[in-house]
Amino acid sequence: MKTFWHRIAVMGWAALAAVAAVPAAHAGKTLDGIKARGQVVCGVNTGLAGFAMADASGKWSGLDVDVCRALAAAVLGDGHKVKYVPVDVPQRFTALQSGEVDVLSRNTTFSLTRDASLGLHQTVVTYYDGQGFIVPAKSKIKSTRQLKGQTVCVQSGTTTEKNLLDYSRTNGLDVKPVMFEKIDAATSAYLAGRCTAYTTDASGLASLRSTIRDGAATHAILPELISKEPLGPLVRRGDDEWFAVVKWVIYGLIEAEEYGVTQANAEQLKTSSTHPVVQRMLGTSEDTGKLLGLDRDWLLRAVKTTGNYGEIFERNVGPKSALGLPRGLNNQWNKQGLMYAVPIR
């Protein structure tokens, strides 16, 4: 009996020792692959002003692009170490599922079906949106209720298409959808006058209007939103370590705004701030990076590269940008918005 209990005690101590020996975070195959190649491969929109757009020299910019840059800065120490892979709607999930890209940062709506059936993880909402409609100003249409019996251009294979059909059926509008596989074809058809209206996320409508000469005067975005469209990056299931990195980089950018940590002052606050939250975020008092398989300056580098979430929003889609979008739901939680970061502690 004495030998039996001695064995149990030895096994217990061995188990505790094994737990103590586990490192703070295992990198995971995606993070290992990123570090080995020295590059984050990011799936982005083929071209959506304010979110992901390449200029004539091939330089990418936009809110979704800045998420990729922040990830590269946090993981690799350099926000330029990103390979952008433009993917359209039919390709986007396959590109992530197959491993062609490490993360899909492409104005994609979170939904139950996508979360539960595609082998993917939804991370953090980076833009709270809703589906709307745009019409030519000369049409004199002021409300979606005036679209009864009208043709509406829409991209097929999207939540946008389903929302349009549901809204039409529920409100007895009998709209006539004109389907297009590619977004460029849908917008071109609308601009050519083949449809009375075009529908997509309201941010996408603002993006489209920003590319049209005198767009604000010649095209009206109707006031009603017909859906909830929470947009954000997705990663593959089965790699919890990379999932955690993507989540916490985004949460870090949101929390940085809440506590006044900016692109301009982050370095200075690392040594001067006495606020415990700021000290944790910037790696002064604690090394949170070791829990993610990163170093202690992971968030400091991300903020120095892109600025905090508010700076990213204002630069790409805010009131002073070409899109001119208000913060609205995308404001901080303590300013009547929905941006609420899980605490970094």
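The legends below describe close-up views of a predicted model.

**View 1. The largest nonpolar core and its most connected members.** The largest nonpolar core holds 62 residues. Y127, W242, V245 and V261 touch the most other members of this core. Helix α10, residues 240–258, supplies the largest share, 11 residues. Apart from this core lies another one, made up of 13 residues, including F133, L147, V175 and A197. In soluble globular proteins, nonpolar side chains tend to be buried together.

**View 2. Surroundings of V245.** When neighbours within four places in sequence are left aside, V245 is in contact with L31, L71, V75, L292 and L294.

**View 3. V246 in helix α10.** V246 has a relative accessibility of 0% and counts as buried, because the cut-off for buried is under 20%. Leaving aside neighbours within four places in sequence, V246 is in contact with L71, T123, P233 and V235. L71 is also in the contact list of V245. For scale, the C-alpha atoms of V246 and K176 are 40 Å apart in space, and the two residues are separated by 70 residues in sequence.

**View 4. Packing of helix α10 against helix α13.** Helix α13 spans residues 298–306. The axes of α10 and α13 lie 10 Å apart and form an angle of about 65 degrees, so the two helices are roughly perpendicular to each other. Their crossing is right-handed. On the α10 side the contact is made by W248, V249, G252, L253 and A256, which meet W298, L299, A302, V303 and T306 of α13. By class, this contact has eight nonpolar residues, two polar residues and no charged residues.

**View 5. Packing of helix α10 against helix α14.** Helix α14 covers residues 309–316. Its axis is 6 Å from that of α10, at an angle of about 95 degrees, and the pair is therefore roughly perpendicular. L253, I254 and E257 in α10 meet Y309, G310 and I312 in α14. By class, four nonpolar, one polar and one charged residues make up the contact. L253 also takes part in the contact of α10 with α13.

**View 6. V277 in helix α12.** Helix α12 runs over residues 276–281 and contains V277. This residue is buried, with a relative accessible area of 11%. Not counting residues up to four places away in sequence, V277 touches E255 and Y259. V277 and M53 are 224 residues apart in sequence, and their C-alpha atoms are 35 Å apart in space.

**View 7. Positive phi at N107.** Most residues other than glycine have a negative phi. N107, a residue other than glycine, has a positive phi near 25 degrees. N107 is found in the loop between β5 (103–104) and α5 (112–117). Its relative accessibility is 16%, so N107 counts as buried.

**View 8. Positive phi at Q336.** Q336 is not a glycine, yet its phi is positive, at about 70 degrees. The residue is placed in the segment after α14. With 72% relative accessibility, Q336 counts as exposed, whereas N107 counts as buried.

Terms used. Residues numbered from 1 in each chain as written. Predicted model: local features only at pLDDT ≥ 70, side-chain atom pairs only at ≥ 80, totals over all residues. Heavy atoms only, no water. Helix = DSSP H or I, 4+ residues; strand = E, 2+ residues; numbered from the N terminus. Buried < 20%, exposed > 50% of the residue type's maximum accessible area, 1.4 Å probe, protein only. Contact = heavy atoms within 4.5 Å. Core = buried A, V, L, I, M, F, W, Y, C linked by side-chain atoms within 4.5 Å. Axes fitted to C-alpha atoms, helices over the stretch in contact; angles between N-to-C directions. Parallel < 35°, antiparallel > 145°, perpendicular 65-115°, else oblique. Left-handed = near helix turned anticlockwise from the far one by under 90°. Nonpolar A, V, L, I, M, F, W, Y, C, P; charged D, E, K, R; others polar.
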